[in-house]
Amino acid sequence: MARSALLNVMTQAAMKAGRSLIRDFGEVQNLQVSMKGPADFVSTADRKAEEIVFQELSRSRPDWGFLMEERGELEGKDSQHRWIVDPLDGTTNFLHGIPIFAVSIALERDGQIVAGVVFNPIQDELYTAERGGGAFLNDRRIRVANRQRMPEALFATGIPFLGKAGHGRFLYEMRQIMGESSGVRRLGAASLDLCYVAAGRFDGFWERGVLPWDIAAGSIVVREAGGFVSSVDGDKFDHLQGEIACGNELILRAMTAELKKANDSYRAASQRSA
């Protein structure tokens with residue numbers, strides 16, 4: 001696979017940050033950790049990786065803006081382009097010594113995601129996609145799975161944690177999908193959940209309460225792998241709206257229908273208890 005100049009820049013930044021994370025992961029017990037909020041930590045490794053990505057991308061495209069997990073939004077002279085960066089997706093996994101985390105970089109052009117890179121440094125897996133160019137894992141073309149029935153399908157999700165709303169609704173959703181599928185997994189890194197759907201490892205994924213840097217890069221990897229992306233309710237996807245569902249066309253349609261049943265049941269139960 002011959003990568004474009006743009007994807008080369010993104011790949012180099014992600015891999016350089018990933019090498020830094022691997023070094024710090026080996027000394028995870030010695031990291032200085034501060035609290036951002038309930039169950040939401042930021043480590044020195046996180047900040048260091050973000051600085052690496054920022055410097056690499058700024059050197060290549062100095063006029064483009066940023067939306068980053070730690071630094072927030074940084075406006076650039078070029079208002080059409082913005083990098084959306086999560087330097088360490090799966091921070092809680094990282095801090096607990098669980099080797100499931102990634103560097104995620106997306107490019108937004110005029111409000112649309114046009115390129116994405118997700119790098120899992122522990123497994124040395126690099127997912128790349130550019131609009132119209134297909135999706136790749138370590139330069140090998142990937143496609144979403146072709147399973148068409150819920151009982152054969154394996155799903156992934158994100159579970160609300162301490163300080164987050166939506167626990168009650170999530171339990172209804174989980175019970176509904178578990179009852180109709182071959183299983184549900186929770187990796188703890190949405191960018192990798194999405195890439196696993198793109199690679200055919202998972203058949204579908206849904207999560208509410210996500211942030212743009214969690215899903216921007218992974219969403220285009222899914223689409224370029226032949227998958228479909230929507231809101232959890234099956235509406236049009238917007239990476240800024242805070243939720244996502246994906247899979248092949250039939251599985252996504254079936255999954256969102258089941259999630260709608262779960263939400264109808266949850267609302268009915270909430271009204272009865274009010």
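Tyr127 touches Gly116, Val117, Val118, Phe136, Leu137, Ile142, Leu192, Cys195, Tyr196, Ala199, Arg201 and Val221, leaving aside residues up to four places away in sequence; contact here means heavy atoms within 4.5 Å. The structure is a predicted model, in which local features need pLDDT of at least 70 and side-chain atom pairs count only at pLDDT 80 or more, while totals for chains, interfaces and linings use all residues. Residues are numbered from 1 along each chain as its sequence is written, and side-chain values use heavy atoms, with hydrogens and water left out.

Tyr127 also belongs to the largest nonpolar core, which has 38 residues; together with Ile142, Phe205 and Val221, Tyr127 touches the most other members. Such a core is a set of buried Ala, Val, Leu, Ile, Met, Phe, Trp, Tyr and Cys residues joined through side-chain atoms within 4.5 Å. Buried means under 20% relative accessible area, exposed over 50%, and partly exposed in between, with a 1.4 Å probe and protein chains only. Among the elements that each supply at least two residues of this core are strand 7 (112–120), strand 8 (125–130), helix 5 (190–198) and helix 6 (212–224). Helices (H or I, at least four residues) and strands (E, at least two) are DSSP runs, numbered from the N terminus. A second, separate core holds 33 residues, including Leu21, Ala45, Trp83 and Leu126.

What of the cysteines, and how many disulfides does a search of the whole structure find? The search finds zero, a disulfide being a pair of cysteine sulfur atoms within 2.5 Å. For Cys195, the nearest cysteine sulfur is that of Cys246, 9.8 Å away. Cys195 is buried, with a relative accessible area of 0%, and Cys246 is buried with a value of 0%.

Turning to the strands, strand 5 (residues 78–89) is mostly covered, with nine of its twelve residues buried. Strand 5 pairs with strand 3 (residues 64–68) in the parallel sense over five bridges, and Leu67 has Ile84 of strand 5 as its bridge partner. With strand 6 (residues 102–109), strand 5 pairs in the antiparallel sense over seven bridges; here Val85 is partnered by Ile105 of strand 6. Two strands pair if DSSP finds at least two bridges between them.

At the N-terminal end, Asn248 caps helix 7 through a side-chain oxygen 3.1 Å from the backbone nitrogen of Leu250. The buried residues of this helix, among them Ile251, Leu252, Met255 and Asn263, pack against elements including helix 4 (167–180) and strand 13 (204–208).

Arg208 has its place in strand 13 and is buried, with a relative accessible area of 18%. The residues that Arg208 touches include Arg169, Glu173, Glu243 and Asn263. Its side chain makes a polar contact of 2.9 Å with the side chain of Glu173. A polar contact is a pair of N or O atoms within 3.5 Å; within protein, one must be able to donate a hydrogen and the other to accept it, and residues adjacent in sequence count only if both atoms are side-chain atoms.
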